[in-house]
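I opened this notebook page to look up salt bridges, a pocket and a surface patch in one structure. I take them in that order below.

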Amino acid sequence: MKNTSATFKSAKESNEKLSMLTAYDYSTAKLMDEAGINGILVGDSLGNVILGYEDTISVTMEDMIHHARAVARGAKNALVVVDMPFMSYQTSVYDAVKNAGRLMKEGRAGAVKLEGGKEVSEAINAITNAGIPVMAHLGLTPQSINAFGGFKVQGKSEEAAKKLLEDAKEIEKAGAFALVLECVPEKLAKLITESISIPTIGIGAGKYCDGQILVYQDMLGMFSDFTPKFVKKYADIGSVMKEAFKQYHNEINKGVFPSSENTYKIDDEVIEKLY
C-alpha cells in the first residue's frame with residue numbers, strides 16, 4: 001500500500017507505529033521500500049554523510065533535488081519526504097512556497113520537511129495551501145546548530161519545554177501532517193505526542209513517539225565521524241565493506257583477481273590471425 005501524508009495521519013489514529021529512514025540514492029531507497037519502511041527522508045544530512053561537510057548549512061536546493069529524484073525512482077510505496085535546505089524557506093513565505101514547489105516538481109517529493117516552530121508557521125500554512133504536504137521538525141534542528149552552540153538535548157528547562165509544546169501545537173494548527181522531534185527528553189516527547197493529533201516521528205526522543213527515524217549510515221555502522229547516543233546499530237556494514245575493499249585490493253596486487261571465471265574467451269585461431 002502506498003504511504004502518503006494521509007496514511008501517516010491515519011496510522012496515529014489506529015495506534016500503528018511508523019518507520020522512517022534517510023536515503024540519498026536509488027538502490028538504497030529501493031531496498032528500504034522492499035523492506036516495508038513507511039517513509040524515506042531525503043535529509044539535508046546528505047551534507048554530512050554523502051558530501052562530507054561538517055554541517056548541513058552548505059547543502060543547496062540543487063543538491064536536494066538531485067538526490068530526491070534518485071530516491072523517488074526507487075521508492076514505490078514509501079512516502080518520500082525531502083528536506084528544505086538552509087535559507088530556502090527562512091527568507092520569505094514566497095521563497096518557501098516556490099522552493100517547496102521545486103522539490104515536489106523537480107525532485108518528485110511526496111512531501112517536504114522544514115525546521116522550526118511558531119516562526120515558520122506562516123510558511124507551513126502557505127505551503128500546505130499550495131497543496132504540498134509539510135512535515136515539521138522541532139527540538140535539535142541541525143540548521144540552527146550554530147545558534148544552539150552544538151549538538152545538545154533540547155527542552156530540558158521548564159521554559160524550553162513549554163516553548164516546544166506550544167510550537168508543536170502551532171505547527172499542527174498551521175497544517176503540518178507530521179512532526180519530527182529530535183533530541184528531546186522522552187517524557188516531554190510523550191506529552192507532545194499526546195497533545196497533538198498529527199504523528200510525531202522521534203529521533204532521540206524516546207519510545208512514545210508515533211514513529212522513529214534514523215540516518216541509515218548510522219544504524220548500519222557506515223559513518224564513524226560521530227555517532228549520537230540515540231543510534232542503535234542494527235549491523236556493522238561499514239566493517240564488512242572495508243574488509244571487502246581490502247580483499248579486492250590485495251587480490252589485484254597478487255594477481256588472484258580476475259580469475260578465469262571472471263574473464264571472456266576467444267578462439268586461439270582468431271588471435272593467431274591478428275599477429
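For these entries I count a salt bridge where a side-chain nitrogen of Lys or Arg lies within 4 Å of a carboxyl oxygen of Asp or Glu. The model I am working from is predicted.

**Entry 1: salt bridges across the chain**

I looked up the number of salt bridges and found eight in the structure. I began with Asp 210 and Lys 12, whose closest N and O atoms are 3.0 Å apart. This pair ties together distant parts of the chain, since Asp 210 sits in the loop between β7 (200-203) and β8 (211-214) while Lys 12 belongs to helix α1 (residues 5-13), 198 residues away. I then checked accessibility: Asp 210 has a relative accessible area of 11% and is therefore buried, the cut-off being under 20%. Lys 12, at 17% relative accessibility, also counts as buried.

Next I looked at Lys 113 and Asp 83, whose side chains form a salt bridge with 2.8 Å from N to O. Here too distant parts of the chain are linked, with Lys 113 in strand β4 (residues 111-115) and Asp 83 in strand β3 (residues 79-83), 30 residues apart. I noted that both Lys 113 and Asp 83 are buried.

Because they are three residues apart in helix α8, about one helical turn separates them. Lys 173 counts as exposed at 67% relative accessibility, whereas Glu 170, at 25%, counts as partly exposed. I also recorded that Glu 62, Arg 102 and Glu 106 are joined into one network by salt bridges that share partners.

**Entry 2: the second largest pocket**

I read off a volume of about 500 Å³ for the second largest pocket. Its lining comprises 26 residues, and those nearest the centre are Gly 116, Gly 117, Glu 119, Thr 141 and Lys 163. Two or more lining residues come from each of α6 (121-129), β5 (134-139) and α8 (158-174). Which of the elements gives the most to this lining? I found that α8 does, with four residues. Sorted by class, the lining holds nine nonpolar, eleven polar and six charged residues.

**Entry 3: a nonpolar surface patch**

Last, I looked up a nonpolar surface patch of about 580 Å², which is made by Ile 266, Val 270, Ile 271, Leu 274 and Tyr 275. Leu 274 lies in the segment after α12 (268-272), and its relative accessibility of 67% makes Leu 274 exposed.

Key. Residues numbered from 1 in each chain as written. Predicted model: local features only at pLDDT ≥ 70, side-chain atom pairs only at ≥ 80, totals over all residues. Heavy atoms only, no water. 1 Å grid on protein atoms, 1.4 Å probe; cavity = no way out; pocket = protein on both sides within 12 Å on 5 of 7 lines; lining within 4 Å. Points joined across faces, edges and corners; volume = space filled by probe spheres on them. Nonpolar A, V, L, I, M, F, W, Y, C, P; charged D, E, K, R; others polar. Patch = residues over 30% accessible without salt bridge, like charges linked within 9 Å, V, L, I, M, F, W, Y side chains within 5 Å. Areas by Shrake-Rupley, 256 points an atom, 1.4 Å probe, with all protein chains shown as cover. Buried < 20%, exposed > 50% of the residue type's maximum accessible area, 1.4 Å probe, protein only.
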